[in-house]
Each structure stands twice: as C-alpha cells, then as structure tokens.
Amino acid sequence: MTGNNLAIIILAAGQGTRMRSRLPKVLHAIGGRPLVGHVLTTAGRLEADHVEVVVRHEREQVVAALAEDYPDAVFIDQDEVPGTGRAVQVAVDALPADFDGDVLVLSGDCPLADADTLRSFLDAHRAAEAEATLMTAVVEDPTGYGRVIRDADGGVDRVVEQKDATADEASVSEINAGMYVFRVGTLRKYLPSVGVDNAQGEMYLTDVPGLLRRDGSRVAASVVSDVTVTYGVNDRAQLAEVGRLLNRRIVRRWQLEGVTVIDPATTWIDDDATLAPDVTILPNTHILRATSIAEGAIIGPDTTLVDCEVGEDAIVRRTDATLAVIGAEATVGPFSFLRPGTVLGARGKIGAYVETKNAEIGEGSKVPHLSYVGDATIGRGVNLGASTITANYDDVNKHRTIVEDEVHTGSHTTLVAPVRLGAGAKTGAGAVVRKDVPAGSLAMSVAPQRNIEGWVEKNRAGTGAADAAARTRVAE
Ligand code: UD1
Ligand code: CA
C-alpha cells in the first residue's frame, strides 16, 4: 500500500471489431508497445494501490502479452454481460472490500493520456469533492463519442451515447473522453442500477453520471485543452494517427534533451529507447525497442536499430541492426546488416555489404567490405580482407571461428569453422582455411597459377577476345 488511496481500472475486454484483425485491438502496437501497454506504463507512474485490467476477448493472448512487463497488474475477467459499465463492475467487485478510495477508469485503446494529464485530472476531482469527474474535450467532429449534456447551470447532467442521441444532443461538441474518476462507494452503489435498455443492449458506464444527478449528487467535468490526449484507436487509420502523435511527442522530448533530429516526420523512436545529448539522427531512421545511443553518435540516414547499444561518437549509416553493440568511435555502414550478438569494439569498422551474427569484433578491428562474419571471435587490430567469409555451418552444426590479434586476411578468404588463426597470422588471397594457422604464419591454399600461352587464339578463334589478343601480339 502506498496509501494514496487510488485504484486504476483499465478497460480492455472489447473485441475491437473495427480493426478487422486477428490481433485484439489493445495489443496493436505503437511506439514499440501495445496500446494497452502504454496505458499500463502511465498507470505505473501514478503509484496506485491497485491496477486492474479487465479482459475477455482473446483474454489468454492479452494476458500473455502483458503479464511479464507489468507484473503488478491484476487481470479481471468480464463475464458475458457486455458494456463498459459491466467491465468496471467486475473490476470493482474484485477490489478488497475495505478499499475506500478513488477509482480512475481508463481505456486500453486510449494511449495518449500521459501521467501529468491524469495527475491534474485526479487533483481536479479531489478539489471539486465530486462523486464522479469526467474528462471531456470540445472537438470539431464529435462523431462516435458520447456527448456531455450540461444543465441550465452549466453542470454535467448526463452523457448520451451517439447511438442513443437525439439530433439536438448529437449536435453537442463536448465529448466524453472515456476517462473518469469515481469514489469507489459511488460505483458500488450505482452500477447495480445500470441497465441494458439502450441502442446497443449494453451496460453503459456512462449512465452513472445521470443516475448520480437524479439523486442530487455532484458530477464534475474536467475539460482538457489538448484534445489529442483523449484520442482513442478504433480502426487502423486512427492507429496510424495516434502512433504519429505519440512519436512526435517522443521525438520532441529528445530534442529538448539535446538530440538533433533532422527530420522528425521520418524519425521513429520507441518509448523505451534512450538517447544522450549531442546525438544526431538523420532522416528515415528507426530507433526501436530498448536501443540506447551515447553522446555524439551520428545515426542514419535510412537506419533501423532494434535493441542496440551504440557507443560515444560512433557513426552508423544506412544500417539494419538488431541486438548489436557498437563501440565508441566505431563506424558501421553503409548497407551493413548486424544480427543478434554482434559486438563491435571501440574504433572498429563494419563496412559496406557486410553481415555479422554472434560475432565479437575487437577494438580497432575492421571488416570493411562484402563479408559474412558469423559465430566468430575476432581479436584487436584485425583486418579481414574484402569478401572474407566465415563458413560457420556444416548443414548440422554451427562452429566458431577464432581470429587472434593483428591477423590480416587476404581478399576472398574462406574460414571453414571450427578454425583458429593465431596472432599476427596472414592468409593469401582466395585462401580456403580448413586448418588452424599458427601465430605469425602465412596460410596459402590456392594452387600456383599456370598460364597457357596462345590458348584463346587456338580455342576461341573468331571471338573478340581472340582478335584483341592477336592485335596485341602483332603490336608487340
Ligand atoms: C466509450 C464511451 C463513450 C466515449 C468513448 C471515448 C461508453 C458506453 N461509451 O465509447 O461515451 O465517448 O468511449 O473513447 O462507455 N470494453 C470492455 N468491455 C466491454 C466493452 C468495452 O472492457 O464490454 C472496453 C474496450 O476494450 C475499450 C473501452 O472499453 O478499451 C471502450 O470501449 P469502446 O467499445 O471502444 O467504447 P466507445 O464506443 O469508444
Ligand atoms: Ca473506443
């Protein structure tokens, strides 16, 4: 118990029909997290005594997606009675009988309500000493939302759902945002009186304000000035729009922390990513999941980093990397593909058209061109010549390649694992290295070259090559 006397109920039992998806609506992701994950993250910042998530549609899938990241959330099953009123009722019934505080109701499909907005919403409710407080907004197009109907004194009288509204009611532009604070006793008292006699045959939570007013109790409204915090996701067009708004907010936060973002519209940063001051992000770059980028690094353009760690002053251009660590002052790209387990040391280089996987590449070592380095440990000061390849897979098992400090391989070397190249060793161009190379040795595996003079003119008479060869011979 933190003693702040607050329970948070997150509604996530609905089907989300308008998404037309196999995936439950609340699990669709923006900013690297499911919609309902954002609501849970925000709820976590409010330090409530209880956080409950009401589930029903695809409940196993929803619980599985959230249980690990939000271990404090309690999942409550809604029964076959439909509607937001029923959802809140089952959650309230699951609270301890002696819980006597406020209940903040949030929707799993409204991810943009941030902790500051919700804190002032709670403060407004407590200051008003109301039985219930609705979050409302005045919008240009209220279609689809419940309308807030005010009485002659300007107080909240009731909420009318779009489908039950008269033409007059439908013309009201103040909407119910779907976020509320109630005294728990109010919900215990009034939810049993909420019926299903409406256009959708559902128990509407939005009936509670009207019932309270009939008993002469006070219902307050907190009108938000930034309507975007109320935006919900009902279809995929709204998913993209809400995702864009979230991204704009995240990008702006990092800009104010000292990150240069050249083109916010094409820069996507997940909520879990962290960036240090003086990082520069070039256009069309995706910084995803728990990626962290240290001071002075330059990322992009056209780069995707998933769960990566980038060191100070590193440069990463036109690269796709997942679960990779890139050392300080290292350079990566263009057109590099870093797969999980890549660890590039300080001042190292992974260059053009190089793929790496499960590979430690030591300080100052270079893999500059056209290589595949997989399941390898590469020491310091190594240079793998253009097109050096680790042949790590024999159709059954993966094997390791070990390259010790200061090794230089010739162009087009194939390292057939398991194999070890000792410190300072070298390989000739085109070498196929199947045996360990002792420290300081030169490994050659290509047969000596033999030139058969006059072969082209004899065997390819009449071709351009033969003619060219003949002309050269005459000129000599
Ligand atoms: C609801 C409000 C409406 C408000 C709008 C704001 C009601 C009756 N209407 O309408 O006044 O303007 O939100 O976005 O409350 N859910 C359950 N169990 C259910 C039904 C829904 O948990 O039986 C959950 C859904 O998963 C969703 C949330 O409740 O997260 C809202 O449900 P939704 O069907 O989207 O309600 P709206 O029609 O948007
Ligand atoms: Ca909704």
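Modeller: One term before we start: a residue is called buried when its relative accessible area is under 20%, exposed when over 50%, and partly exposed in between. Also keep in mind that this is a predicted model.

Biologist: Fine. Which residues of α1 are buried?

Modeller: Leu-35, Val-36, Gly-37, His-38, Val-39, Leu-40, Thr-41, Thr-42 and Ala-43. That is nine of the 11 residues in helix α1, which runs over residues 35-45, so the helix is largely enclosed by the rest of the structure.

Biologist: What follows α1?

Modeller: Glu-47, which has a positive phi, near 50°.

Biologist: Back up a bit. How many helices and strands does the chain have?

Modeller: There are 10 helices and 39 strands. Of the 476 residues in the chain, 47% count as buried.

Biologist: And what radius of gyration does the chain have?

Modeller: The chain has 32 Å, while a compact globule of 476 residues would have a value near 23 Å. Along the principal axes, the C-alpha atoms fill a box of roughly 110 × 55 × 45 Å.

Biologist: New topic, the calcium ion. Which residues coordinate ligand 2?

Modeller: Asp-109, through OD, and Asn-234, through OD1, coordinate the calcium ion at 2.7 to 2.8 Å. Asp-109 is in the loop between β6 (102-107) and α4 (115-128), and Asn-234 is in the loop between β11 (219-223) and α8 (236-256), so the pair ties together parts that are 125 residues apart in sequence.

Biologist: Is Asp-109 buried or exposed?

Modeller: Asp-109 counts as buried, because its relative accessibility is 13%. Asn-234 has a relative accessible area of 21% and is partly exposed.

Biologist: Now ligand 1. How many residues surround it, and which are the closest?

Modeller: Ligand 1 has 22 residues around it, and the closest are Gln-78, Gly-83, Thr-84, Glu-161 and Asn-176.

Biologist: What is 2.8 Å from a nitrogen atom of ligand 1?

Modeller: An N or O atom in the side chain of Gln-78. The backbone takes part as well: a backbone N or O atom of Gly-83 is 2.8 Å from an oxygen atom of ligand 1, and a polar backbone atom of Ala-13 is 3.0 Å from an oxygen atom of ligand 1.

Biologist: How much of ligand 1 does the protein bury?

Modeller: The protein buries 86% of the 750 Å² that ligand 1 exposes when taken alone.

Biologist: Which elements give two or more residues to the shell around ligand 1?

Modeller: α3 (84-93) and β10 (174-183). The largest share is from β10, with three residues.

Biologist: How do the residues of that shell divide into nonpolar, polar and charged?

Modeller: Eight are nonpolar, 11 are polar and three are charged.

Biologist: Let's do the backbone. Which peptide bonds are cis?

Modeller: Two to look at are Gly-300 to Pro-301, with omega near 0°, and Gly-333 to Pro-334, with omega near -5°. Pro-301 is in the loop between β18 (298-299) and β19 (303-306), and Pro-334 is in the loop between β24 (331-332) and β25 (336-338).

Biologist: Where is Asp-375, and what is its phi?

Modeller: Asp-375 is in strand β30, residues 372-378. Its phi is near 50°, a positive value in a residue other than glycine. Asp-375 counts as buried because its relative accessibility is 6%.

Biologist: And where is Glu-406?

Modeller: Glu-406 is in the loop between β33 (401-403) and β34 (408-409). Its phi is positive too, near 65°. With a relative accessible area of 47%, Glu-406 is partly exposed.

Biologist: Last one. How far apart are Val-310 and Ile-326 in sequence and in space?

Modeller: They are 16 residues apart in sequence and 4.7 Å apart in space, C-alpha to C-alpha. Val-310 is in strand β20, residues 309-310, and counts as buried at 3% relative accessibility.

Biologist: And Asn-4 and Pro-71, how far apart are they?

Modeller: Asn-4 and Pro-71 are 67 residues apart in sequence, and their C-alpha atoms are 20 Å apart in space. Asn-4 lies in the segment before β1 (6-11) and is partly exposed, with a relative accessible area of 26%.

Methods:
Residues numbered from 1 in each chain as written. Chains lettered and ligands numbered in written order. Predicted model: local features only at pLDDT ≥ 70, side-chain atom pairs only at ≥ 80, totals over all residues. Heavy atoms only, no water. Donors = N, O, S within 2.8 Å, 3.2 Å for Na, K, Ca; no water. Helix = DSSP H or I, 4+ residues; strand = E, 2+ residues; numbered from the N terminus. Buried < 20%, exposed > 50% of the residue type's maximum accessible area, 1.4 Å probe, protein only. Near = heavy atom within 4 Å. Polar contact = N/O pair within 3.5 Å; in protein donor to acceptor, adjacent residues only side chain to side chain. Areas by Shrake-Rupley, 256 points an atom, 1.4 Å probe, with all protein chains shown as cover. Nonpolar A, V, L, I, M, F, W, Y, C, P; charged D, E, K, R; others polar. Rg over C-alpha atoms; globule rule 2.2 N^0.38 Å.
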